[in-house]
Amino acid sequence: MANLFLKQAKQYVATRPSYPPELFDFIASKTLRHDLAWDVGTGNGQAAASLAKLYKAVVGTDTSAQQLAYASPLPNVRYVHTPADLPLAGIHAAVAQPATVDLITVAQAFHWLDLPRFYAQARSVLRPAQGVLAAWCYTEPRVGAAVDAVFWRLYHGSERYWAPNRRMVDDEYRSADFPFDPVDGESHTGPLEFSTERRMDLGDYLMYITSWSAYQTAKDEGVELLDEATVHEFEAAWGGDGKEVKTVTYPIFLRIGKSIQSSCHQLLFGWIQLHTFHGGAYLGDILHS
């Protein structure tokens, strides 16, 4: 997954939307403690920076060292470059010890994860009966009828260049396997809807499109998605000379839940804390049995 974004890391930082404070306030209100949060697929550290205002310590991990290079250093945030195949023992050594994490977040990266493997890792480090997992995505931007019509023609025409995982985002994470219980105050695990806005001129908006993994994939195959005709369509729809700054709205969809540990799971975690474990894949099988 990380390789899809290596060539456009700078565009990603410059054009991707930020997440609203009310999203993090809502998530933080669902954890009993605020000692440690783990931001998975942290990228440039955008979500980690917001979590740092609400939790004493944050660990941000990513498989892309290039993305992490754009993360802003903060005193209570630790960034870790983690290989995709890091075993459970490696998670405990590099990220967090078992049963110590109050919150795990996955911002716009949930669809890239090996979910059974990730869920085994999450259950291992989350505090039993208290730890919360929150995963969210934002879907395609909304500007106005004219611009959106051009956008959706481009988006649907680019489908062959998107990785299959992208369908989870198009589905707003609704059909994703999410084996967690609702957090306190909620009757289901979502998706719950939020939104974020960004002010953009046409140049910013087109740069956002160049940050797509699909844009880079198409370019690698010799296809320019933003060809001259398409750019002209956007210019006509945007109006003026493209310098007008418009409000661009991104819908956000959140899945959130907590893991209720059975007595069997608690015994397992106690055993892990007393013994060195080698081979996280097997623990994943146990936890899902």
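The dialogue below goes through several features of one predicted protein model and how to read them.

Student: How many helices and strands does the protein have?

Tutor: Helices (H or I, at least four residues) and strands (E, at least two) are DSSP runs, numbered from the N terminus. In this protein the secondary structure comes to 13 helices and seven strands.

Student: What share of the residues is buried?

Tutor: A residue is called buried under 20% relative accessible area, exposed over 50%, and partly exposed in between, with a 1.4 Å probe and protein chains only. Buried residues make up 53% of the 289 residues here. Helix H6 (residues 115-125) is mostly covered, since nine of its eleven residues are buried, among them Leu115, Phe118 and Tyr119. In H2, the buried residues are Leu23, Phe24, Phe26, Ile27 and Ala28, and what covers them includes helix H3 (46-51), E4, E5, E6 and strand E7 (246-258).

Student: Which residues touch the most other members of the largest nonpolar core?

Tutor: A nonpolar core is a set of buried Ala, Val, Leu, Ile, Met, Phe, Trp, Tyr and Cys residues joined through side-chain atoms within 4.5 Å. The largest one here has 50 residues, and those that touch the most other members are Trp136, Tyr205, Ile209, Trp212, Phe234 and Leu254. A second, separate core of 29 residues includes Leu36, Val80, Val106 and Cys137.

Student: With which residues is leucine 254 in contact?

Tutor: Contact means heavy atoms within 4.5 Å. Leaving aside neighbours within four places in sequence, leucine 254 is in contact with residues including Leu23, Phe26, Ile27, Trp136 and Phe194. Across the protein, among contacts between residues at least 6 apart in sequence, 77% join residues at least 24 apart.

Student: How many salt bridges does the structure hold, and which parts do they tie together?

Tutor: Side chains of opposite charge can pair when their charged atoms come close. A salt bridge is a side-chain nitrogen of Lys or Arg within 4 Å of a carboxyl oxygen of Asp or Glu, and the structure holds 13 of them. In one of these, glutamate 186 pairs with lysine 30, the closest N and O atoms being 4.0 Å apart. Glutamate 186 lies in the loop between helix H8 (166-170) and strand E6 (192-200), and lysine 30 in the loop between helix H2 (21-28) and strand E1 (36-40), so the pair ties together parts that are 156 residues apart in sequence. Glutamate 186 counts as partly exposed at 24% relative accessibility, whereas lysine 30, at 19%, counts as buried.

Student: Is the arginine 127 and aspartate 102 pair buried or exposed?

Tutor: Arginine 127 and aspartate 102 are both buried, and in their salt bridge the closest N and O atoms are 2.5 Å apart. These two residues also belong to a network of salt bridges that links Arg33, Asp35, Lys56, Asp102 and Arg127.

Student: Where does aspartate 148 lie, and how far away is the nearest side chain of opposite charge?

Tutor: For charge, Lys and Arg count as positive and Asp and Glu as negative, while His and the chain ends are not counted. Aspartate 148 lies in helix H7 (residues 145-157) and is buried yet has no salt bridge, as the nearest side chain of opposite charge, arginine 142, is 5.5 Å away. A polar atom of the aspartate 148 side chain does lie 2.8 Å from the backbone nitrogen of valine 143.

Student: Which peptide bond is cis, and which residues have a positive phi?

Tutor: Most residues other than glycine have a negative phi, and most peptide bonds are trans. Here a cis peptide bond joins glycine 190 and proline 191, with omega about 15°, and proline 191 lies in the loop between H8 and E6. Alanine 129, found in the loop between H6 and E5, has a positive phi of about 65° although it is not a glycine. Glutamate 172, which lies in the loop between H8 and E6, has a positive phi near 60°.

Methods
Residues numbered from 1 in each chain as written. Predicted model: local features only at pLDDT ≥ 70, side-chain atom pairs only at ≥ 80, totals over all residues. Heavy atoms only, no water. Polar contact = N/O pair within 3.5 Å; in protein donor to acceptor, adjacent residues only side chain to side chain.
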